[in-house]
Amino acid sequence: MHCIARSSYADLPPHFYALDSVAATARPVVARVNAAFCAELGIEAVAFGESLRRYLEPVADPPRPPTLAQAYAGHQFGQFVPSLGDGRAHLLGELVDAQGRRSDVQFKGSGRTFYSRGGDGRATLGAVLREYLLGECFHALGIPTTRGIAVLLTGERVPRGVSKPGAVLARVAASYVRVGTFQFYACRGDEDGVQRLADYAIARHDPDLVGTDDRYGAFLQRVMERQARLMAQWMSVGFIHGVMNTDNMAIAGETIDYGPCAFLDQYDAKKVFSSIDEHGRYAYGNQPNIAIWNLARLAETLLPLLAPEEPAAIERAHTVLAQFGPLYQAEYARLFGRKLGLLQATLVDLELISDLLALLSANGVDYTVFFRALCEVPVQGPRAVAVSALFADTAGFAAWVVRWQARLRVEPDATEGAARVMRASNPAYIARNHLVEAALLAAEVDDDWGPFDQLLAVLRSPFVERPEWARYSAAPSATEVVRQTYCGT
Ligand code: AMP
Ligand code: MG
């Protein structure tokens, strides 16, 4: 526990959390420690893993350090649930890096809490490894995310139809404050609670706003900006979160709670993987709409802080929320521009981009394979075999390439320079659904961690192609393709 500092969340009023202890497990074992992440944080990995393991030991001597479960509410698939909270997670405390940045360390799958309704408070090894893999994948892609720092085995089985090995994920976030955390106090009419939480979040994530006049409006603005950028990033890599409930949207702008998430194989704006998303609320192309919907829910909780009179407060919230669309569009154009080798993409380029996506959709082209293959065109020319072969409608694609190349020529360097930007923006390797499932299955069922470790190594280097990793960049075959994902907690 040497390097985990006491949680500053414990200084908030007592109804913000429950002082729940981590539950003991039969035979806790450290399965993996994220050595690279520990190094970034200036932590000695082996000792840290051991300190985490001690939290879970059957006999706690010295007594288990205090931990807490956080209260939150949330809109789940649009339905408001006033009481959620960490039902199987415990906040251990904070890590402080060399720059003085604080982050929260939390266990997930570490037992029941005050907020557990159904469920056993436990997590399966598969769910834990999925979150660990996805966090590392996102980190390597440069997308804000919570990250796993260690995986511990509990030595127990958890009942999930057939029983599965139990595990605990130690994960790190800028903080675990969610939109739903604000909703918890707002729906109880607890204006003081909302203000305390907002002050806490501002001090933690936007310290430059502390003490400024319009800090709550400015805070809403920052959260909005972080989400607009995050959504553009998700879209650019073809990611579908799957459960964008307000309790799964972090104020710090990190991707959080990887459940039935997935990456696009073939491009399809309406794509849904999650078995519980029956109406496509969280479909790939609907994610920015949901983000602004969630931000509106956050804005509602902040209204009493935005101005003394409600009309003025609503006006202030509107001013912020109205900027989401333009900001998102600009960021989307910038990121997709880079995918096309355009360093100065603007809204004018959106048509070129959407026409391309329509072609991908009509031709059933694998999204990630396409953009990586396209990186060869600025140097090899429009007849680069790998990319043209992806289209049934080769003429349609060729016509688009002519337009793209005309646009590229306006850039300072339309050949090698463009290819370099493209190779740094179009990952060869993403956490492809079929690879993730195969890796989790091998670890969970056969206790074979080889596929997991190998996939993790590949995902940590998404932009550097290696011949021996060819199968990790390939689209799934018809028999491999994953059609549906499950919550599988
Ligand atoms: P998550 O899918 O981890 O975002 O969880 C959604 C909500 O369900 C949270 O309140 C969790 O704490 C709770 N939950 C999920 N799985 C379990 C479980 N096995 N036992 C208790 N609570 C759970
Ligand atoms: Mg969640």
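The shell around ligand 1 is made up of 1 nonpolar, 7 polar and 7 charged residues; here Ala, Val, Leu, Ile, Met, Phe, Trp, Tyr, Cys and Pro count as nonpolar, Asp, Glu, Lys and Arg as charged, and the others, Gly among them, as polar. This is a predicted model, where local features need pLDDT of at least 70 and side-chain atom pairs count only at pLDDT 80 or more, while totals for chains, interfaces and linings use all residues. Residues are numbered from 1 along each chain as its sequence is written, chains are lettered from A and ligands numbered from 1 in the order in which they are written, and side-chain values use heavy atoms, leaving out hydrogens and water.

Among the 15 residues around ligand 1, the nearest are Gly85, Gly87, Arg88, Asp120 and Gly121 (a residue is near if one of its heavy atoms lies within 4 Å). A backbone N or O atom of Gly121 sits 2.5 Å from a nitrogen atom of the ligand, and a polar backbone atom of Gly85 is 2.8 Å from one of its oxygen atoms. On its own, ligand 1 exposes 480 Å², and the protein buries 78% of that (Shrake-Rupley method, 1.4 Å probe).

Asp257 turns up again at the magnesium ion (ligand 2), which Asp257 (OD) and Asn248 (OD1) coordinate at 2.0 to 2.2 Å; donors are N, O and S atoms within 2.8 Å of the metal (3.2 Å for Na, K and Ca), and with water not among the atoms, sites may look incomplete. Asp257 counts as buried because its relative accessibility is 12%, and Asn248 does so at 14% (buried means under 20%, exposed over 50%, partly exposed in between, with a 1.4 Å probe and protein chains only).

Notes. Polar contact = N/O pair within 3.5 Å; in protein donor to acceptor, adjacent residues only side chain to side chain.
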